[in-house]
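We will go stop by stop.

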Amino acid sequence: MLFMCHQMAMKKEANEKQKADEVRRQQIGVGVPIIWVLGGPGCGKGTQCAKIVEKYGFVHLSSGDLLREEVASGSPKGQELAAIMKEGKLVSNDDVLGLLEKAIRERLNGAKGFLIDGYPREKDQGVAFEKKIAPADLVLFFDCADATLVSRVMARAAASTEKRADDNEETIKTRIATFRSNTNAILSQYTDKTLTINAERGVDEIFNDVTCALDCLIQKKATVVASA
């Protein structure tokens, strides 16, 4: 009898947690566009994110930046992450998602939208993000030919005063191949949310496509909120 009561209590607790998680996702998502920004190294997504922030006032979040900020803060979590990275290990997706959720919550008041830059990197990460935080409204994929990406990254490396050991053509090609494989799996899962943008063109021409997509999304979100 006690065992059955314990099971029922645990089931009730699990159901309540699931409901609370659903409410949390709805609170984060409703009325606030969440956009994943994807593209290979050298595609120019950083430039486009800066222009989006300038025009629309969206919050720009990069998982890499959030990790570095947490480590620099010296917090217990930051010290834990620093130790993991010092050993050359990968930070778990749960930790990355935790940082993203924290950042979104801290900036939610008054936020006009969120750009999640370079995330997800793998299909399972996208699933976890939508389950734990909120559904993405749009996936912006800045697409370039591999040869263009290689050329841009090599040019950027040549112009940089900081030389990195992995700034060579073969390593860059390997990074791009890995990116292609992972990103194709992500995009195939979110075909209804994905806008592929030709990033071989000039910055302003690319941004015209971006603004068209964002203007439509913002109007759609406003309509949903108004009818809620």
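The tour goes from a pocket to a helix and then to the core. Bear in mind that this is a predicted model.

**Stop 1: the largest pocket**

Select Ser63, Gly64, Leu67, Gly118 and Arg121. These residues lie nearest the centre of the largest pocket. Its lining has 31 residues, and the space inside is about 1000 Å³. Now colour β1 (34-39), α3 (63-73), α5 (93-107) and α8 (169-189). Each of these elements gives two or more residues to the lining. What is the lining made of: how many nonpolar, polar and charged residues? It divides into 11 nonpolar, 13 polar and seven charged.

**Stop 2: helix α8**

Next, select Ile172, Ile176, Phe179, Arg180, Thr183, Ile186 and Leu187. They are the buried residues of α8. Look at the spacing as you go. An α-helix has 3.6 residues a turn, so residues three or four places apart point the same way. Bring back the surroundings. The cover over the buried residues of α8 includes β1, α6 (123-132), β4 (138-143), α7 (146-159) and β5 (194-198).

**Stop 3**

Which state does Thr183 have, buried or exposed? Thr183 has a relative accessible area of 3%, so it is buried. Beyond its neighbours within four places in sequence, Thr183 is in contact with Leu38 and Phe141.

Thr178 counts as partly exposed because its relative accessibility is 44%. Draw a line from the C-alpha of Thr178 to that of Arg121. The two are 9.9 Å apart in space, and 57 residues apart in sequence.

**Stop 4: the largest nonpolar core**

Select Leu61, Leu100, Phe114, Ile116 and Phe129. They have the most contacts inside the largest nonpolar core, which holds 30 residues. Elements giving two or more residues to this core are β1, β2 (59-62), α3, α5, β3 (114-117), β4 and α8. α5 gives the most, with six residues.

Zoom in on Leu100. Setting aside its neighbours within four places in sequence, Leu100 is in contact with Leu61, Leu66, Ile116, Tyr119, Phe129 and Ile133.

**Last stop: another core**

Methods:
Residues are numbered from 1 along each chain as its sequence is written. This is a predicted model: local features need pLDDT of at least 70, side-chain atom pairs count only at pLDDT 80 or more; totals for chains, interfaces and linings use all residues. Side-chain values use heavy atoms; hydrogens and water are left out. On a 1 Å grid over the protein atoms alone, a cavity is a set of points where a 1.4 Å probe fits but cannot get out, and a pocket is an open set with protein on both sides within 12 Å along at least five of seven lines; lining residues have an atom within 4 Å of a point. Grid points are joined across faces, edges and corners, and a volume is the space filled by probe spheres set on the points. Helices (H or I, at least four residues) and strands (E, at least two) are DSSP runs, numbered from the N terminus. Ala, Val, Leu, Ile, Met, Phe, Trp, Tyr, Cys and Pro count as nonpolar, Asp, Glu, Lys and Arg as charged, and the others, Gly among them, as polar. Buried means under 20% relative accessible area, exposed over 50%, partly exposed in between (1.4 Å probe, protein chains only). Contact means heavy atoms within 4.5 Å. A nonpolar core is a set of buried Ala, Val, Leu, Ile, Met, Phe, Trp, Tyr and Cys residues joined through side-chain atoms within 4.5 Å.
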